[in-house]
Amino acid sequence: MTREYDRGAALYAAFLEGDASALEALVQLYGDALTRFAYCIVRDDAAAEDVTADTFAALIVRRKKFREEAKFRTYLYAVARNKAIDRWRRHGRQCSLTGLENVLVGENGEQGLFAAERSRVLYTGMQQLPAQYQEVLYLSYFDGFSVSEIGRVLKKSAKQVYNLLSRARSALKQILIKEGYSHEDL
């Protein structure tokens, strides 16, 4: 069985061999997505950016050789999740809930107006969910992680991820229906 090409792992290996531009490429490849994910935990856009910076700083300081048991992206999200949880524990819930709308939707025009509106609707509904539901939905909907990848990031079994996704989707659906959105709106 051949292993799928992992661009993140290749860039990180190049960085470890001394290619500073590879780190820049990693930041461009994963930076925005990590910030959006961290926001689900810390609930503040500035803190989420700090978590992303801390995640990449950990890569620079540790300089561990990546074990290719999982995708590099999964490893990076696990590091970001741990950094976000640490930050949340240190600073508590002193964060604001404003500002992620622009980060979440992104600034590229490729998504179009419909996709941007859909993202805003999902964002609004997700903000009313418990943090654990937000994390699993974000990884699934916005970053396209598989169940096994989500399990590695959240340190849960596949069965637990399936159950969590099911409960989170159901809760989100109820919130969106209560807000007046129908299935066709999404």
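Is Asp50 buried, partly exposed or exposed? Asp50 is partly exposed, with a relative accessible area of 36%, where buried means under 20% relative accessible area, exposed over 50%, and partly exposed in between (1.4 Å probe, protein chains only). The structure is a predicted model, in which local features need pLDDT of at least 70 and side-chain atom pairs count only at pLDDT 80 or more, while totals for chains, interfaces and linings use all residues. Residues are numbered from 1 along each chain as its sequence is written, and side-chain values use heavy atoms, with hydrogens and water left out.

**Overall architecture**

- The protein chain contains 9 helices and 0 strands; helices (H or I, at least four residues) and strands (E, at least two) are DSSP runs, numbered from the N terminus.
- Along the sequence, the order of elements is α-α-α-α-α-α-α-α-α.
- The protein chain has 186 residues, of which 44% count as buried.
- The accessible surface of the chain comes to about 10800 Å², and 49% of this surface belongs to carbon and sulfur atoms; accessible areas come from the Shrake-Rupley method with a 1.4 Å probe, and for residues only the protein chains shown count as cover.
- Of the contacts (heavy atoms within 4.5 Å) between residues at least 6 apart in sequence, 68% join residues at least 24 apart.

**Nonpolar core**

- The largest nonpolar core has 50 residues; such a core is a set of buried Ala, Val, Leu, Ile, Met, Phe, Trp, Tyr and Cys residues joined through side-chain atoms within 4.5 Å.
- At least two residues of this core are supplied by each of α1, α2 (20-42), α3, α4, α6 (112-126), α7, α8 and α9.
- Helix α2 provides the largest share of this core, 13 residues.
- The residues with the most contacts inside the core are Phe72, Tyr77, Val136, Leu137 and Leu139.
- Leaving aside neighbours within four places in sequence, Leu139 is in contact with Phe37, Tyr77, Gly144, Phe145, Ile150, Val153 and Leu154.
- In soluble globular proteins, nonpolar side chains tend to be buried together.

**Salt bridges**

- The structure holds 4 salt bridges, a salt bridge being a side-chain nitrogen of Lys or Arg within 4 Å of a carboxyl oxygen of Asp or Glu.
- One of them joins the side chains of Arg87 and Asp50 (3.4 Å, N to O). Arg87 lies in helix α4 (residues 72-91) and Asp50 in helix α3 (residues 45-62), so this pair ties together parts that are 37 residues apart in sequence. Arg87 is buried, with a relative accessible area of 18%, whereas Asp50 is partly exposed.
- Another salt bridge joins the side chains of Glu149 and Lys71 (3.4 Å, N to O). This pair links distant parts of the chain, with Glu149 in helix α8 (residues 147-154) and Lys71 in the loop between α3 and α4, 78 residues apart. Glu149 counts as buried at 5% relative accessibility, and Lys71 counts as partly exposed at 30%.
- The side chains of Arg81 and Glu135 also meet in a salt bridge (2.6 Å, N to O). Arg81 lies in helix α4 and Glu135 in helix α7, so the pair ties together parts that are 54 residues apart in sequence. Both Arg81 and Glu135 are buried.

**Surroundings of Glu135**

- Glu135 is located in helix α7 (residues 131-142) and has a relative accessible area of 5%.
- Beyond its neighbours within four places in sequence, Glu135 is in contact with Phe37, Ile41, Arg81 and Leu154.

- Ala13 belongs to helix α1 (residues 7-16) and is partly exposed, with a relative accessible area of 32%.
- A C-alpha separation of 9.8 Å is found between Ala13 and Leu23, which are 10 residues apart along the chain.
- Ile175 belongs to helix α9 (residues 158-178) and counts as buried at 13% relative accessibility.
- Ile175 and Gln128 are 47 residues apart along the chain, and their C-alpha atoms are separated by 7.8 Å.
- Apart from neighbours within four places in sequence, Ile175 is in contact with Gly125, Gln128 and Leu129.
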